[in-house]
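Trainee: I have a model open and would like to go through it with you. Where do we start?

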Amino acid sequence: MNFNCVTECLDCGNRAQYTPTTPSCPECGSVWKEARYDYPALRRSLPDRIRERPFDMWRYRELLPIGNPLPSLSMGDGGTPLIKADNFGMMLGCPNLYIKDERQNPTSSFKDRQAALGVAALKEAGINEVVIASTGNVAIAYSAHAARAGIKVWAFLTSLVPPEKMREVAIYGAQVVKVTASYDQVKKVAAEFAQQRNLYLEAGARTIPSVEAMKTIAFEISEQLSELSSNNVKGKDNVLQYWRSPDWYFQSVSGGLGPLGVQKGFAELLQIGLTDRMPGMAIIQAEGCSPMVTAWKNGLDVAEPIASPRTHITTLATGDPGRTYSLLAQRIRSSGRGLFESVTDEETFRTIHILAKMEGLSIEPAAAVSFAGLIKLVRAGAIDPADTIVINCTGHTMPIEKMILGDGWSKNIAVPQYTVAETPQEGLLSAFNRISSDRYPKILVVDDLPDARRLIRRIFQSQGDFSIVEAKNGREAIELARLQLPDLIILDLMMPEIDGFGVLDVLKANPETAQIPVIVVTAKELTGEENELLRGRIHSLMQKGQFLSDEFMEEINTLVG
Ligand SMILES: [Zn+2]
């Protein structure tokens, strides 16, 4: 037990030494308490203490409600990489975009931090049985960590949780209790069960180690950003090295425990003096279950519960966030900056493809929600693109179901019969050739800047099956258009030698290429004279950076059939 950790009741302010066995306030009976530490002492001692420790979540043990983490229980929780998202960032026009890759935790989600600290605290207190309600990932993380500690888990899951997630919970030896009800109802059933049997209940935001574990995400991000930034500065007393909080922290949300803890982490760093400001918190929900977003947009302190969530993303289907929302909203308001936004399932599934194809990250829908939220907020101008943005990327990749991929996602290869004249390799090759990209719409991308061509190629490839041909100048463009007869030409105007206007002149003069639709892309405002030159000869005119809109992709699909 960390004897420097005291709990403070959020209702009466009573302070007491933290123990896992007293979940409610001894003074007023409230179950809403928060951990506090000796911040002035940590200001002096923390940086020196942690310097030599491994980069994992136990590095910050002075700020966690635990005495001595048991190395034998550790599965490598936390210490996940902060990955610069250059491609996705370029697509959005956000050059300072980072992904906190929480997939690299032991069971692939940020819930491993919650489970690791929760189980360590239980072990320290001699508790051998725990009851949890979950939409999947918490139960998986808890069951895995509890297995190592010899603690029995009762996992209450809604019947909507995908069967493969349920099976993963069970394989760690947990007792799965499948409840045909909404997640909010399942939580109540689990709480009653725990009370009847006098068992310890893991209750998310009301459980001290759960909130405290999430703080380590904020600590790691701030340390990692300070290492990446070149202008490190010494603190006021010339002892502390300043860490750096981002301008924005994005996370998709079900019950709200994650951002509540992360926000507390950033606030503690500020209080200790390790950082100099709070980041804006951007909290993203699935539209079919977004009680927090609705409450925030209506300026309410209490979220109206949603009885029956309408989203395929069951991991995020908390209909009643309860007091967690009120706490979050209040803290975000008082820190001056934050947003709640929702995205549709369709936007989310599209984003899964974009992330996989542009950054090589396969993520589950629950995590993709926050990325879809970023796209939406950047497009709406709510986020300054120059800001330093960190997104929490987490969750299991569940086996992708048909409804996510739609039709035609697979390419079927029938290996021809083996004959003496034809080696199997040649057979495979010819089969591959038959499904070559020739039958996909062909798009000629003309731009003298390699980065611009690559960006347009990536955008097309992340949105569908297109065959992309690139030309790096006007001369090449004319030649390729004549030889390959593309279905569409994306044309830059400002190029050395033959510019876009010159290319158009030649294309329109040749009957073979005159009918190919041309979309002109420009970085600058055109003059009246330039607009006149284009009139009637091009399909449309786009500003660079507009590519991401749905309207653009719809237009492309109509054009190329
Ligand atoms: Zn109290």
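Mentor: With a term: on a 1 Å grid over the protein atoms alone, a cavity is a set of points where a 1.4 Å probe fits but cannot get out, and a pocket is an open set with protein on both sides within 12 Å along at least five of seven lines; lining residues have an atom within 4 Å of a point. Grid points are joined across faces, edges and corners, and a volume is the space filled by probe spheres set on the points. This is a predicted model, where local features need pLDDT of at least 70, side-chain atom pairs count only at pLDDT 80 or more, and totals for chains, interfaces and linings use all residues. Residues are numbered from 1 along each chain as its sequence is written, and side-chain values use heavy atoms, with hydrogens and water left out.

Trainee: How many cavities of 30 Å³ or more turn up?

Mentor: Three, from a search of the whole structure. The largest cavity has a volume of about 80 Å³.

Trainee: Which helix gives the most to the lining of that largest cavity?

Mentor: Helix α3, residues 111–125, with three residues. Helices here are DSSP runs of H or I with at least four residues, strands are E runs of at least two, and both are numbered from the N terminus. The lining includes Trp58, Leu73, Asp77 and His145.

Trainee: And the largest pocket, what is its volume?

Mentor: About 870 Å³. Its lining has 44 residues, and Tyr183, Lys187, Gly204, Gly255 and Thr318 lie nearest the centre. The largest share of that lining comes from α6, with six residues.

Trainee: Changing topic: which residues coordinate the zinc ion?

Mentor: Cys9, Cys12, Cys25 and Cys28, each through SG, at 2.2 to 2.4 Å. Donors are N, O and S atoms within 2.8 Å of the metal (3.2 Å for Na, K and Ca); water is not among the atoms, so sites may look incomplete. The spacing in sequence is C-x2-C-x12-C-x2-C.

Trainee: Why is the arrangement called tetrahedral?

Mentor: Because the four donor atoms subtend angles of 105 to 116° around the zinc ion. Four donors count as tetrahedral if all angles lie between 85 and 135 degrees.

Trainee: Is Cys25 buried or exposed?

Mentor: Cys25 is buried, at 3% relative accessible area, while Cys12 is partly exposed at 38%. Buried means under 20%, exposed over 50%, and partly exposed in between (1.4 Å probe, protein chains only).

Trainee: What share of the whole chain is buried?

Mentor: 55% of its 561 residues. The chain has 19 helices and 18 strands.

How values were computed:
Four donors count as tetrahedral if all angles lie between 85 and 135 degrees; four count as square planar and six as octahedral if opposite donors are over 155 degrees apart and all others between 65 and 115; anything else is irregular.
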